[in-house]
Amino acid sequence: LQHQGIQLDAEGQFNLQLSPKSTGLFEAFYSSLKPVQLLSKKIEIASAGKTSSNESRIPFSFTLEPIKGEDLHDTYHGVYINVQYNITVEVARSFMSKNLKRQLEFIVVSPSSSKPSTGPLKFSMNPSSIENLGRGTKVPSFSIQGSVEATHCDIGMPFSGKISVDSCDSKIRSIEIQLVRVETCGTSEGVAKEASEVQSIQVVDGDVMRQLDIPLHMVFPRLFTCPSVALKMFRIEFEVNVLVHLVNGMTITENIPIKLYR
C-alpha cells in the first residue's frame, strides 16, 4: 500500500450530548455550550512510503498531558454529559485515492488530586422524616436505622453500610439501594440540572426480620461513574438512595449525597 504518511490524532473532550431524554434547557444549551478540550496531540507515526502486502505493525506512544489550564478527567458516559478520549489514525493517499481513516476510543483513568476521608454516616427513617407527603396519605408507624461507612468514596472500592428495620406496622415488599448521577450544565442563559439512575440493587426481598442488620454493598460501575467533577460549565455529582418499598405501595426514601474520588 503506497501512502503519503500516517498521522495519529489523540483528542479528549468534556461535552454535552443530546439523548431521547434531552428536553428543555439541556436541548437549548446544546448549540451554545462549547465542548471543553482536555487533550489534543498530533503525531506522525510514519513518513511517506509503502507498507507490505501482509499485516504491518507500527508501534507508537505518547504522554497523556492535558491542554494548558485544563485537567484530565476519567472517561465517563452519562445521559447528558460525556468525557471521551479518541485516537484517530489517517493514512494519506495519493491525489486520486481516498484517505483511510479509523477512530477508536481509549479509556483514561486519572488519579484525584486529593483523597478526602470521612467517617461513617448514620441515618434514621421514621414518619417525621418523610417529605412531600400527599394530603390524606396514611403513614404506618416505622423506625429504620442505618449507616454507611463513608460519604467520600474511593471509586475503586465498594460502597458499603448496613440497615436495620427496628419496627414497621406494614409489611415490607423489598429494600433497594439506588445509585443516581446528577448532571449540571450552566451558561449565561441559565442552569440545567437533571438526576438519572445509574443502577439499582435489591438487598431485601419480602418482609424482613426486625432488628436484623442487613449489609449494603454496591460496586461503582466503570464508565458510568467517575470521580465527582465541578467545572465552570459542567458538574457531575452522585447520590445514593436507600428505598424501602412497602406492600401498600408506599416507598420510604433516604437520600445520601456522596463524593467520588480515585
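**Entry 1: Phe14 and Phe234**

I looked up the burial of two phenylalanines in this predicted model: Phe14 and Phe234 are both buried.

**Entry 2: Phe62 and Phe106**

I next examined Phe62 and Phe106, whose ring centres are 6.3 Å apart with planes at 75°, so the pair is edge-to-face. I located Phe62 in the loop between strand S4 (49–50) and strand S5 (76–77), and Phe106 in the loop between strand S7 (100–105) and strand S8 (121–125). Parts 44 residues apart in sequence are thus tied together by this pair. I noted Phe62 as partly exposed, at a relative accessible area of 22%, whereas Phe106 counts as buried at 17% relative accessibility, the limit for buried being under 20%. Together with Tyr85, Phe62 and Phe106 form one aromatic cluster.

**Entry 3: the sheet containing S8**

I followed strand S8 into an open sheet of four strands, ordered S8-S9-S11-S14 with antiparallel pairing. S8 and strand S14 (214–218) are the edge strands; each has a single partner strand, so one side of each is left without a neighbour in the sheet. Between S8 and strand S9 (residues 142–148) I found five bridges in the antiparallel sense. For Leu121, the bridge partner in S9 is Val148.

How values were computed:
Residues are numbered from 1 along each chain as its sequence is written. This is a predicted model: local features need pLDDT of at least 70, side-chain atom pairs count only at pLDDT 80 or more; totals for chains, interfaces and linings use all residues. Side-chain values use heavy atoms; hydrogens and water are left out. Buried means under 20% relative accessible area, exposed over 50%, partly exposed in between (1.4 Å probe, protein chains only). Rings of Phe, Tyr and Trp (its six-membered ring) pair if their centres lie within 6.5 Å; planes under 30 degrees apart count as stacked, over 60 as edge-to-face and the rest as tilted. Helices (H or I, at least four residues) and strands (E, at least two) are DSSP runs, numbered from the N terminus. Two strands pair if DSSP finds at least two bridges between them.
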